[in-house]
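Start with the view below, then follow the text.

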Amino acid sequence: MSSKIIKVESPDVLASVFGSFDANVKLIEKKFGVHIHNRIADSGEDVIVVSSEDESAVAQASAAVTYLVKMAKYNENITDQSVIYVCDTVASGN
């Protein structure tokens, strides 16, 4: 199983990325066929873990999550539409 860990700087950013009732990550999981969850790292930081048997899917989903983390840091509102747009952009190789 392949996995990627993405550090998140605050609980607010984490909540924004996951979305209400985890709706945002569910869209990403469905699009790329990955599993996404959060946990506390040994260092005490919040992290998002993206995992799958498919290494390419992990890379693409991680890129999408990383972009959403950047959006959340700048207080941009993350909507279903923005998640779909980011996923489609990453999937097309841009």
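At what angle do α1 and α2 pack, and how far apart are their axes? The angle is about 55°, and the axes are 5 Å apart. That makes α1 oblique to α2, since angles under 35 degrees count as roughly parallel, over 145 as roughly antiparallel, 65 to 115 as roughly perpendicular and the rest as oblique. Ser 16, Val 17 and Phe 18 of α1 meet Ala 23, Asn 24 and Val 25 of α2. Contact means heavy atoms within 4.5 Å. By class, this contact has 4 nonpolar, 2 polar and no charged residues.

This is a predicted model: local features need pLDDT of at least 70, side-chain atom pairs count only at pLDDT 80 or more, and totals for chains, interfaces and linings use all residues. Residues are numbered from 1 along each chain as its sequence is written, and side-chain values use heavy atoms, leaving out hydrogens and water.

Now turn to α3, residues 55–73. At 1.5 Å a residue, its 19 residues should span 27 Å, and the end C-alpha atoms are 27 Å apart, which agrees. At its start, a side-chain oxygen of Asp 54 comes to within 3.0 Å of the backbone nitrogen of Ser 56. After the helix comes Asn 75, with a positive phi near 60°.

Buried residues of α3 include Ala 57, Val 58, Leu 68 and Met 71. Buried means under 20% relative accessible area (1.4 Å probe, protein chains only). Their cover includes β1 (2–8), β3 (46–52) and α4 (80–91). Ser 62 lies in α3 and is buried, at 2% relative accessible area. Beyond its neighbours within four places in sequence, Ser 62 contacts Lys 4, Ile 6 and Val 50.

Technical notes:
Helices (H or I, at least four residues) and strands (E, at least two) are DSSP runs, numbered from the N terminus. The expected span of a helix is 1.5 Å times one less than its number of residues. Buried means under 20% relative accessible area, exposed over 50%, partly exposed in between (1.4 Å probe, protein chains only). A polar contact is a pair of N or O atoms within 3.5 Å; within protein, one must be able to donate a hydrogen and the other to accept it, and residues adjacent in sequence count only if both atoms are side-chain atoms. Axes are lines fitted to C-alpha atoms, for helices over the stretch in contact, and angles run from 0 to 180 degrees between N-to-C directions. Ala, Val, Leu, Ile, Met, Phe, Trp, Tyr, Cys and Pro count as nonpolar, Asp, Glu, Lys and Arg as charged, and the others, Gly among them, as polar.
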